Amino acid sequence: MRHFEAVRSHLGARHTLRNNDPYLISFDLSVAPGRHQGIYLAELEDEADLRFLRISTPIGPLSGIDAQRALRFNWEQRTGFLAVADLDGSPYLHLCENRPYDLLDAAELERVILELGTLGDQLERAIAAEGDSL
């Protein structure tokens, strides 16, 4: 997996892509019986023109989330961090991971997607059931 087109090809063969834009793809990941989690992948570049793959999943609206608890969650995680992005024009909390292509193969890509999707679903259910449960 040295570039975004390799990621697109690999995931397009395994999943039905909902978005299939030049630098953004998405699909639904089955995480539990009757449960699906949206997975988004985008290519990013840093100041040195190094390319990264961002893998993210939405977990809930930002409203009502305690920022200090979200930052504490980020500190405790070994994979993934919380970030805010717009979803249909509203601020939405996302669980994200950025990976350099140099360290990414098909098995690692699948592992990160499954880990983020599963954790994202757990967080989404917790937020929905208890309000701000981070």
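The radius of gyration here is taken over C-alpha atoms, and the globule rule is 2.2 Å times the number of residues to the power 0.38. With 134 residues, that rule puts a compact globule near 14 Å, and the chain agrees at 15 Å. This is a predicted model, in which local features need pLDDT of at least 70, side-chain atom pairs count only at pLDDT 80 or more, and totals for chains, interfaces and linings use all residues. Residues are numbered from 1 along each chain as its sequence is written, and side-chain values use heavy atoms, leaving out hydrogens and water.

**Overall build**
- The chain holds three helices and six strands, which are DSSP runs (helices H or I, at least four residues; strands E, at least two) numbered from the N terminus.
- Starting at the N terminus, the elements follow the order α-β-β-β-β-α-β-β-α.
- The C-alpha trace spans about 40 × 40 × 30 Å along its principal axes.
- Buried residues (under 20% relative accessible area, 1.4 Å probe, protein chains only) make up 39% of the 134 residues.

**The sheet**
- Six strands form an open, antiparallel sheet in the order β1-β2-β3-β4-β6-β5; two strands pair if DSSP finds at least two bridges between them.
- At the edges sit β1 (17-21) and β5 (81-87), each pairing on one side only.
- Antiparallel strands β3 (residues 35-45) and β4 (residues 51-61) are joined by six bridges.
- Tyr40 stands opposite Ser56 in β4.

**Contacts**
- Among contacts (heavy atoms within 4.5 Å) with a separation of 6 or more, 49% link residues 24 or more positions apart.

Key. Buried < 20%, exposed > 50% of the residue type's maximum accessible area, 1.4 Å probe, protein only.
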